[in-house]
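Reader: I am new to this structure, and I would like to learn how to read its features step by step. Could you take me through them?

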Amino acid sequence: MSRVAIVTGGTRGIGEAISLALQEMGYTVAANYGGNEEKAKAFTDKTGIATFKWDVGDHQACLDGCAAVTEALGPIDIVVNNAGITRDGVLAKMSFDDWNEVMRINLGGCFNMSKATFGGMRERGWGRIVNIGSINGQAGQYGQVNYAAAKSGIHGFTKALAQEGAKSGITVNAIAPGYIDTDMVAAVPAPVLEKIVAKIPVGRLGQASEIARGVAFFCSEEGGFVTGSTLSINGGQHMY
Ligand code: NDP
């Protein structure tokens, strides 16, 4: 029986590319999403990958969602914590809701999904957790104290959980993408985006498939000696 992987926010953008890469590796993939039914349906029609809707920021929903995935496909061996949102604004204008929602979904989601799956991985002696951080969690970004704090937190979370999983065959790693051509980046105003691209040494935005390649490496059988690592995939924009 093939290993089961769950990708949060796995139906579009970077998550879609990750779902496809893991499917290509022979894993049975479940793609979680938050609410965009149209994209989720189009994704399943195209890929045959089952989708599961729940809010990764909701602890109980993650426990129930992972139980539903296990019931449908089998025990979860691989978790990719990819779901994320932005609620940008300078501190002076940022509401507590904007702060809290980004922390709840981006960072809380990693905790919730790991809580739901780590015990099973430990019992079976094998697991892969990959958390999607960000260049802006490494370097900070004007107007993103919430997002930068949550993503920076993901990198600390990764290193701490890696230590807890190491003796049980569970690796925990992170990817810090630079600017990738998805809906999230399409929301950045064009003049701001032009300035960002001008600062990327390779001279372009990244592709979702380029992030998925890194995730696939961490999730491979051969990746068992790599844990607690953060892989920066950012076109040379930030060398960390
Ligand atoms: P998109 O905005 O294109 O897609 C976000 C995905 O997350 C969607 O599938 C969405 O589901 C899902 N999602 C959002 N909130 C929730 C929630 N509460 N519960 C479950 N799923 C949720 O994002 P990207 O593909 O651009 O980004 C993916 C990850 O990569 C994010 O964590 C982002 O922070 C990170 N990243 C992205 C960069 C970029 O340049 N694009 C750069 C650095 C990091 P639905 O379709 O239902 O809305």
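Reader: Which residue has a polar backbone atom 2.7 Å from an oxygen atom of the ligand?

Author: Please keep in mind that this is a predicted model. To read such a contact, one looks for a pair of N or O atoms within 3.5 Å. Here the residue is Ile 180, whose polar backbone atom is 2.7 Å from an oxygen atom of the ligand. The backbone of Asn 36 also has a polar atom 2.8 Å from a ligand oxygen, and for Gly 34 a backbone N or O atom lies 2.9 Å from an oxygen atom of the ligand.

Reader: How much of the accessible area that the ligand has on its own does the protein cover?

Author: Of the 900 Å² that the ligand has on its own, the protein covers 93%. The ligand is surrounded by 31 residues, and the closest are Arg 12, Gly 35, Asn 82, Tyr 147 and Thr 182. By class, this shell has 14 nonpolar, 13 polar and 4 charged residues.

Reader: Which element gives the largest share of the shell around the ligand?

Author: That element is α7, with 3 residues. The elements that give two or more residues to the shell are α1 (13-24), β2 (28-33), α6 (145-165) and α7 (183-186).

Reader: Which residues form a nonpolar patch on the surface?

Author: The patch is formed by Leu 91, Phe 96, Trp 99 and Val 145, which together have about 420 Å² of accessible area. Phe 96 lies in helix α4, residues 96-124.

Reader: Is Phe 96 buried or exposed?

Author: A residue counts as exposed over 50% relative accessible area. Phe 96 has a relative accessible area of 58%, and therefore it is exposed.

Terms used: Residues are numbered from 1 along each chain as its sequence is written. This is a predicted model: local features need pLDDT of at least 70, side-chain atom pairs count only at pLDDT 80 or more; totals for chains, interfaces and linings use all residues. Side-chain values use heavy atoms; hydrogens and water are left out. A residue is near a molecule or strand if one of its heavy atoms lies within 4 Å of it. A polar contact is a pair of N or O atoms within 3.5 Å; within protein, one must be able to donate a hydrogen and the other to accept it, and residues adjacent in sequence count only if both atoms are side-chain atoms. Accessible areas come from the Shrake-Rupley method with a 1.4 Å probe; for residues, only the protein chains shown count as cover. Helices (H or I, at least four residues) and strands (E, at least two) are DSSP runs, numbered from the N terminus. Ala, Val, Leu, Ile, Met, Phe, Trp, Tyr, Cys and Pro count as nonpolar, Asp, Glu, Lys and Arg as charged, and the others, Gly among them, as polar. Patches are made of residues with over 30% relative accessible area and no salt bridge: like charges are joined within 9 Å, nonpolar side chains (Val, Leu, Ile, Met, Phe, Trp, Tyr) within 5 Å. A salt bridge is a side-chain nitrogen of Lys or Arg within 4 Å of a carboxyl oxygen of Asp or Glu. Buried means under 20% relative accessible area, exposed over 50%, partly exposed in between (1.4 Å probe, protein chains only).
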